[in-house]
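Work through the exercises below with the structure open. Each task is followed by a stepwise solution.

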Amino acid sequence: MGRRGDSIKSPALRGIAAAALAGALFALAGHLGLIRAYGTVLPFRDQWQATGFDLLAPWSEGELSLANFFTPLNDHWPVLTRALSFALLRVNGQWNNLVETTLNALLLAGCVALFLRFVLPGLRGWTRAAFAVLTGTIFALPITWENTLWGIQSLVYTQIAFSLLYFGAVCTQRTFSRAWWLGHVAGLVVLFTQHSAILAHVAVAVLLAWRWRRRDGDRRVALAGLGFAVAVIAAFIAFFPSITVTAALRADSWELALDVFLRQLAWPLPHPAWAFVVYAPWIVWTIHRLAARRIQSPDAFILVCGLWVGGQAAAIGYGRAAETFTFVSRYCDFLSFGWLLNAACLFRLALAFPQKLPRFALAAFGLFWLVAPLKSFWWETTESHAGYNLLHRPDINRRNLERLQHFYATGDAAALLNDPGTQHELFTYPPSLPPLLSQPRFQSVLPPETGSPLARPDHGRLGWLPAILLPSAPWLALAGLLVLGVSMLQTPRLGVASDLDVVGPTSHTPRTAFAWLAAAFLIVATLALSWRHAFVFDPAARLRLAHTPLEQGVFFADLEFERHDGGLHYRVAARGAVDTLPPEVRRHWYGTRLKIKPDFQGIIRSLPFPVRSDRLFVPVTGHPTFPGNGLRIRFLDPDTGAETWESYLGPNPGAAWNVWSVDTSAHRGSTATLFLYDGLDGPNGWLGIARPAQTDDPTFGDRWRALLRAHRAESTHHTLAAVTLLAAATAVSVFLIRRKSPAPTP
């Protein structure tokens, strides 16, 4: 880039480009192999809404307009994805998921190459090749199978691609060069991908504010970039869709949001405490570099990307905590970048501290850091979300095609609508499918495997692309190895420094180290002490406090259940008879998963309890509104004998829980009886409740629901306590070392 940015001279440039290409080829080979094994020509789920109904339905009727591309989808504005999907359809002549996912794989490979292009200049010797192989291998794993097999997930890859281009321009360009302007265009375009795209500008604003304050480069360039980022953030807040459609998935307590946030940072390890280990290299390296007068381009890129990934994890914690517990495959591409950034920081730390003792400590920690997640990588690849779903993917693909084939062969829309699998496997709102499937113009762009009478017999003008690329995955991996060998011949050896390898001095002293540790202690200690019942660590006691919170004016009804059978009344052991997760909460619940063979089907009811408040709150678990099941409450007036019934209308919490709020102001003085109807066997054939609470406070239910959900974050409660003690001990140790160290010689 010459004088416009940090220079990279040949042959180093050729070595970096070759290593980046090698990593991209490894990632591409993995994605193409996965598509070949589990891909399908038929779009499914949200593709039907984003492209099918929002674009192709009006297009089939000659009414498509630019506004259709800007229709929000689940709180996102996927303009780029819609434009790409529609352009592919027009060029290809067919709406083919296999073509889309193949091109998505090429897009992901480009993202990997971009990422390596900006990180590798900070490495040399064997570390460049090792990091390229590590990056390509991580992205070749099937952990992110949803993004790989689902054409609509180009929205993830376009967000990553334009974010990396934006970061690269900001981090490498110190003048108003053409690359600087193009990077900021990418920063504008990225907004039309996903809602979380704005996090790229937040990360950039942090770096540029630091650069402006430290006079790192031309302050006018830093100020212009900072002004652009702030203006985009303000415009995003003012004009972009707010989170409304998926609002029910948001965290309803800061404890739960923090827990999910830490679990994402801990990827691929399952416990939130691992977040502090996984991100230790990035945190240490960032603090080390922020004390310098100037940040080299690779380090600036690592800093910005780390903030960006952390923002993605925080967005998941805030926006998806009610549903997300561990890892969802469509988020794991972002999390992969975070893990790899920390690996790069380990290499950078090793280059910055060549002394034997620090290097030995770094090597020991690095070995532990790399080995610790190996089992988790294996689990996330072969079991967990990916393993379970990929096992069933071929059958789902086959059934979806058979549904459309049957529709076109018979014209029977009822079969399509009455099939319960249509909603779960093909599209969430089946009644809208038959009108679209009946449109002649739409039929003409469907793949021939659907049985559409107007489909072209091949896979379109671009059908050759998956036909050639998908079987070539092993050869692409071999090509990656060959290119990697070329890169190693062009890479400077360890110990041979280049202009970008120089780390540069910092102003860190034991005093500043103590200050950072003290700040960390204060932050973590504040979080730990703010936790509800912060000093109660016994799991049984915390469970009891969650299910029967001690609040003034709140009364809990005792529960015992009986069954009526042939005129006989007898007690049943309903306590713990639920499949609620985690298993340790079940002792606080009562349900119909009775220890009876075959699976219990019938009605159990609680013993009556008096109504003494205006509101009744009933924790609910299982499938009370699934066809055949039910949950009802009967109010009986003791004076008149009049009965009043209320029914729980949903949703089905499954293995989680909800809180049912019932207005009992008209029934004070009556008795209440809860009836649990179990009409099914199998996985949906159970429901349960916990002890109901009575109070005059109508807001108690929301607080109680948040408290019950926050129990999932108990691991984070213990983690914060442990990290608080560790930070305190480390800060004290550094303080004592500083006190005992001899004064500098004048």
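**Exercise 1. Strand pairing around β7**

Find the bridge partners of strand β7 in this predicted model, and say how many bridges join β7 to strand β13.

Solution. 
- Step 1. Start with β13, residues 693-695. It runs antiparallel to β7, and 3 bridges join the two strands. R615 has T695 in β13 as its bridge partner.
- Step 2. Go on to β12, residues 687-690. The pairing with β7 is again antiparallel, over 3 bridges.
- Step 3. Turn to β10, residues 654-663. This strand pairs with β7 in the antiparallel sense over 8 bridges. P619 faces V659 across this pairing.
- Step 4. Check the cover of β7, residues 615-622. Of its 8 residues, 8 are buried.

**Exercise 2. A pair of rings across the chain**

Classify the aromatic pair F115 and F301, and state which helices hold the two residues.

Solution. 
- Step 1. Take the geometry of F115 and F301. Their ring centres lie 6.2 Å apart, with 50° between the planes. Planes under 30 degrees apart would be stacked and over 60 edge-to-face, so the pair is tilted.
- Step 2. Place the residues. F115 belongs to helix α5 (residues 97-119), and F301 to helix α15 (residues 297-319). The two are 186 residues apart, so the pair links distant parts of the chain.
- Step 3. F115 and F301 are both buried.
- Step 4. Widen the view. F115 and F301 belong to one aromatic cluster, which also includes F118, F131, W308 and F337.

**Exercise 3. A second tilted pair**

Is F176 buried, partly exposed or exposed, and which class does W181 fall in?

Solution. 
- Step 1. Look at the pair itself. F176 and W181 sit 6.4 Å centre to centre, and their planes make 35°, a tilted arrangement.
- Step 2. Take F176. Its relative accessibility is 39%, so it counts as partly exposed.
- Step 3. Take W181. Its relative accessibility is 52%, so W181 counts as exposed.

**Exercise 4. Charges over rings**

Which ring lies under the charged end of R219, and which under R612?

Solution. 
- Step 1. For R219, the ring is that of W212. The charged end is 4.1 Å from the ring centre.
- Step 2. For R612, the ring is that of F555. R612 lies over its face, 4.0 Å from the ring centre.

Note on methods
Residues numbered from 1 in each chain as written. Predicted model: local features only at pLDDT ≥ 70, side-chain atom pairs only at ≥ 80, totals over all residues. Heavy atoms only, no water. Phe/Tyr/Trp six-rings, centres within 6.5 Å; stacked < 30°, edge-to-face > 60°. Helix = DSSP H or I, 4+ residues; strand = E, 2+ residues; numbered from the N terminus. Buried < 20%, exposed > 50% of the residue type's maximum accessible area, 1.4 Å probe, protein only. Lys NZ or Arg CZ within 6 Å of the ring centre and 35° of its normal. Pairing = 2+ DSSP bridges.
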